[in-house]
Amino acid sequence: LGLNGSVSYQIVPSQVRDMPVFTYVSINPNSGDIYALRSFNHEQTKAFEFKVLAKDGGNPSLQSNATVRVIVLDVNDNTPVITAPPLVNGTAEVYIPRNAGVGYLVTVVKADDYDEGENGRLSYEMVEGDRGFFEIDQVNGEIRTTRAFGENAKTAYELIVVAHDHGKTSLSASALILIYLSPALDA
(Lines give C-alpha, C1' and ligand atoms only; values in the text may rest on other atoms or scores of the structure.)
Protein backbone atom coordinates (compact mmCIF):
# COMPACT_ATOMS: atom_id res chain seq x y z
CA LEU A 1 0.00 0.00 0.00
CA GLY A 2 1.04 3.59 -0.40
CA LEU A 3 4.67 4.24 -1.24
CA ASN A 4 5.50 0.57 -0.69
CA GLY A 5 3.37 -0.28 -3.75
CA SER A 6 4.43 2.67 -5.89
CA VAL A 7 6.74 1.33 -8.61
CA SER A 8 9.13 3.32 -10.80
CA TYR A 9 11.01 2.02 -13.82
CA GLN A 10 14.38 2.76 -15.33
CA ILE A 11 16.65 1.28 -17.98
CA VAL A 12 19.93 -0.08 -16.69
CA PRO A 13 22.81 1.59 -18.58
CA SER A 14 24.35 -0.69 -21.23
CA GLN A 15 25.62 -0.68 -24.81
CA VAL A 16 23.91 -1.72 -28.06
CA ARG A 17 26.30 -1.96 -31.01
CA ASP A 18 28.80 0.32 -29.19
CA MET A 19 26.13 2.96 -28.51
CA PRO A 20 24.38 3.71 -25.20
CA VAL A 21 21.04 1.90 -24.92
CA PHE A 22 19.49 5.32 -24.17
CA THR A 23 20.00 6.26 -27.85
CA TYR A 24 17.78 3.29 -28.86
CA VAL A 25 14.94 3.27 -26.32
CA SER A 26 13.45 5.21 -23.43
CA ILE A 27 11.05 4.19 -20.65
CA ASN A 28 8.26 6.06 -18.94
CA PRO A 29 9.34 5.91 -15.28
CA ASN A 30 5.72 5.77 -14.02
CA SER A 31 4.05 3.35 -16.46
CA GLY A 32 6.99 1.26 -17.68
CA ASP A 33 6.03 1.91 -21.34
CA ILE A 34 9.08 1.53 -23.58
CA TYR A 35 9.51 3.79 -26.62
CA ALA A 36 11.79 3.53 -29.66
CA LEU A 37 14.03 6.55 -30.12
CA ARG A 38 15.08 5.68 -33.67
CA SER A 39 14.05 3.59 -36.65
CA PHE A 40 15.38 0.05 -36.60
CA ASN A 41 16.71 -1.74 -39.68
CA HIS A 42 16.81 -5.54 -39.65
CA GLU A 43 19.85 -5.60 -41.94
CA GLN A 44 21.82 -3.57 -39.36
CA THR A 45 20.39 -4.79 -36.05
CA LYS A 46 18.47 -8.07 -35.94
CA ALA A 47 17.91 -7.96 -32.17
CA PHE A 48 19.16 -6.30 -29.01
CA GLU A 49 18.42 -6.53 -25.33
CA PHE A 50 18.63 -4.41 -22.20
CA LYS A 51 17.60 -4.61 -18.55
CA VAL A 52 14.78 -2.68 -16.91
CA LEU A 53 14.90 -2.03 -13.18
CA ALA A 54 11.62 -1.79 -11.23
CA LYS A 55 11.89 -0.20 -7.78
CA ASP A 56 9.20 0.49 -5.19
CA GLY A 57 8.98 3.60 -3.05
CA GLY A 58 9.18 1.80 0.30
CA ASN A 59 11.80 2.21 2.96
CA PRO A 60 13.93 0.21 2.44
CA SER A 61 13.25 0.22 -1.30
CA LEU A 62 12.83 -3.20 -2.93
CA GLN A 63 13.71 -3.80 -6.55
CA SER A 64 13.77 -6.37 -9.31
CA ASN A 65 14.91 -6.36 -12.93
CA ALA A 66 13.94 -8.03 -16.18
CA THR A 67 15.66 -8.41 -19.52
CA VAL A 68 13.80 -6.95 -22.50
CA ARG A 69 14.69 -8.46 -25.87
CA VAL A 70 13.76 -6.44 -28.97
CA ILE A 71 13.59 -8.43 -32.20
CA VAL A 72 13.63 -6.31 -35.35
CA LEU A 73 11.53 -7.93 -38.08
CA ASP A 74 12.61 -7.80 -41.72
CA VAL A 75 10.54 -5.63 -44.03
CA ASN A 76 10.96 -5.38 -47.77
CA ASP A 77 12.98 -2.16 -47.75
CA ASN A 78 15.83 -3.06 -50.12
CA THR A 79 15.42 -2.92 -53.88
CA PRO A 80 17.22 -5.61 -55.88
CA VAL A 81 20.40 -4.46 -57.63
CA ILE A 82 21.47 -6.11 -60.88
CA THR A 83 25.17 -6.98 -60.57
CA ALA A 84 25.71 -9.05 -63.73
CA PRO A 85 26.17 -8.65 -66.56
CA PRO A 86 27.95 -5.34 -65.91
CA LEU A 87 25.63 -2.44 -66.65
CA VAL A 88 26.47 1.00 -67.98
CA ASN A 89 23.53 3.38 -67.46
CA GLY A 90 21.26 0.36 -67.01
CA THR A 91 22.38 -1.34 -70.21
CA ALA A 92 24.59 -4.37 -70.89
CA GLU A 93 26.07 -5.35 -74.25
CA VAL A 94 26.55 -9.04 -74.98
CA TYR A 95 28.10 -10.63 -78.08
CA ILE A 96 27.27 -14.13 -79.30
CA PRO A 97 28.40 -16.04 -82.40
CA ARG A 98 26.06 -15.90 -85.41
CA ASN A 99 26.00 -19.71 -85.50
CA ALA A 100 24.83 -20.03 -81.88
CA GLY A 101 22.32 -22.87 -81.75
CA VAL A 102 19.19 -23.42 -79.71
CA GLY A 103 19.97 -23.35 -75.98
CA TYR A 104 23.17 -21.28 -76.35
CA LEU A 105 23.96 -19.47 -73.06
CA VAL A 106 23.86 -15.78 -73.92
CA THR A 107 24.49 -14.37 -70.42
CA VAL A 108 23.43 -14.78 -66.81
CA VAL A 109 21.50 -12.00 -65.12
CA LYS A 110 22.36 -11.82 -61.43
CA ALA A 111 20.89 -9.49 -58.82
CA ASP A 112 21.44 -9.00 -55.09
CA ASP A 113 18.83 -8.10 -52.49
CA TYR A 114 19.86 -7.47 -48.89
CA ASP A 115 16.47 -8.42 -47.45
CA GLU A 116 15.91 -11.90 -46.04
CA GLY A 117 13.41 -14.68 -46.71
CA GLU A 118 10.74 -13.97 -49.30
CA ASN A 119 11.71 -10.28 -49.25
CA GLY A 120 15.14 -11.23 -50.61
CA ARG A 121 14.22 -14.18 -52.87
CA LEU A 122 14.54 -13.10 -56.50
CA SER A 123 12.94 -14.13 -59.77
CA TYR A 124 13.90 -13.04 -63.26
CA GLU A 125 11.75 -12.39 -66.31
CA MET A 126 11.90 -10.78 -69.75
CA VAL A 127 9.21 -8.13 -70.03
CA GLU A 128 9.89 -6.52 -73.42
CA GLY A 129 11.98 -6.85 -76.53
CA ASP A 130 12.86 -9.75 -78.82
CA ARG A 131 11.38 -12.42 -76.53
CA GLY A 132 10.73 -14.82 -79.42
CA PHE A 133 14.47 -15.49 -79.76
CA PHE A 134 15.43 -15.92 -76.11
CA GLU A 135 14.23 -17.36 -72.81
CA ILE A 136 15.26 -16.66 -69.24
CA ASP A 137 15.37 -19.08 -66.32
CA GLN A 138 13.23 -17.49 -63.61
CA VAL A 139 15.39 -18.86 -60.79
CA ASN A 140 19.01 -18.58 -61.96
CA GLY A 141 18.70 -15.76 -64.53
CA GLU A 142 20.28 -17.67 -67.44
CA ILE A 143 19.34 -16.23 -70.82
CA ARG A 144 19.48 -18.80 -73.62
CA THR A 145 18.61 -18.78 -77.31
CA THR A 146 15.38 -20.48 -78.38
CA ARG A 147 16.25 -20.68 -82.10
CA ALA A 148 19.21 -20.61 -84.45
CA PHE A 149 20.16 -17.43 -86.31
CA GLY A 150 20.60 -17.63 -90.08
CA GLU A 151 22.73 -15.53 -92.39
CA ASN A 152 19.83 -13.13 -92.93
CA ALA A 153 19.18 -12.58 -89.19
CA LYS A 154 19.40 -9.06 -87.89
CA THR A 155 22.61 -8.20 -86.07
CA ALA A 156 21.18 -6.78 -82.81
CA TYR A 157 18.43 -7.84 -80.41
CA GLU A 158 17.03 -6.11 -77.33
CA LEU A 159 15.64 -7.54 -74.13
CA ILE A 160 14.37 -5.79 -71.02
CA VAL A 161 14.95 -8.05 -68.05
CA VAL A 162 13.47 -7.54 -64.59
CA ALA A 163 14.67 -8.98 -61.28
CA HIS A 164 11.93 -8.81 -58.66
CA ASP A 165 11.73 -9.96 -55.07
CA HIS A 166 8.85 -11.83 -53.47
CA GLY A 167 7.96 -9.33 -50.75
CA LYS A 168 4.32 -8.45 -50.07
CA THR A 169 4.95 -5.27 -52.04
CA SER A 170 7.44 -6.53 -54.59
CA LEU A 171 10.44 -4.37 -55.45
CA SER A 172 12.31 -4.74 -58.72
CA ALA A 173 15.22 -3.65 -60.89
CA SER A 174 15.42 -3.77 -64.66
CA ALA A 175 18.13 -3.78 -67.30
CA LEU A 176 18.29 -3.45 -71.05
CA ILE A 177 20.32 -6.29 -72.56
CA LEU A 178 21.63 -5.60 -76.07
CA ILE A 179 22.62 -8.83 -77.81
CA TYR A 180 24.84 -8.55 -80.88
CA LEU A 181 25.51 -11.33 -83.37
CA SER A 182 29.12 -11.40 -84.47
CA PRO A 183 29.59 -10.89 -88.23
CA ALA A 184 31.42 -14.17 -88.89
CA LEU A 185 29.62 -17.50 -88.51
CA ASP A 186 32.44 -19.08 -86.48
CA ALA A 187 33.41 -16.05 -84.38
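**Strands and domains**

Me: Which residue is the bridge partner of Glu 158 in β16?
Reply: This is a predicted model, in which local features need pLDDT of at least 70, side-chain atom pairs count only at pLDDT 80 or more, and totals for chains, interfaces and linings use all residues. Residues are numbered from 1 along each chain as its sequence is written, and side-chain values use heavy atoms, without hydrogens and water. In β16, Glu 158 is bridged to Leu 178.

Me: How many bridges join strand β15 to strand β16?
Reply: Strands here are DSSP runs (E, at least two residues), numbered from the N terminus, and two of them pair if DSSP finds at least two bridges between them. β15 covers residues 156-165 and β16 covers residues 172-181. They run antiparallel, and the number of bridges is 9.

Me: How far apart are the C-alpha centres of domain 1 and domain 2?
Reply: An automatic or database domain assignment sets the bounds, giving domain 1 as 3-71 and domain 2 as 81-182. Their C-alpha centres are separated by 50 Å.

Me: How far apart are the end C-alpha atoms of residues 88-181?
Reply: The span is 0% helix (H or I runs of at least four residues) and 51% strand. Its end C-alpha atoms are separated by 20 Å.
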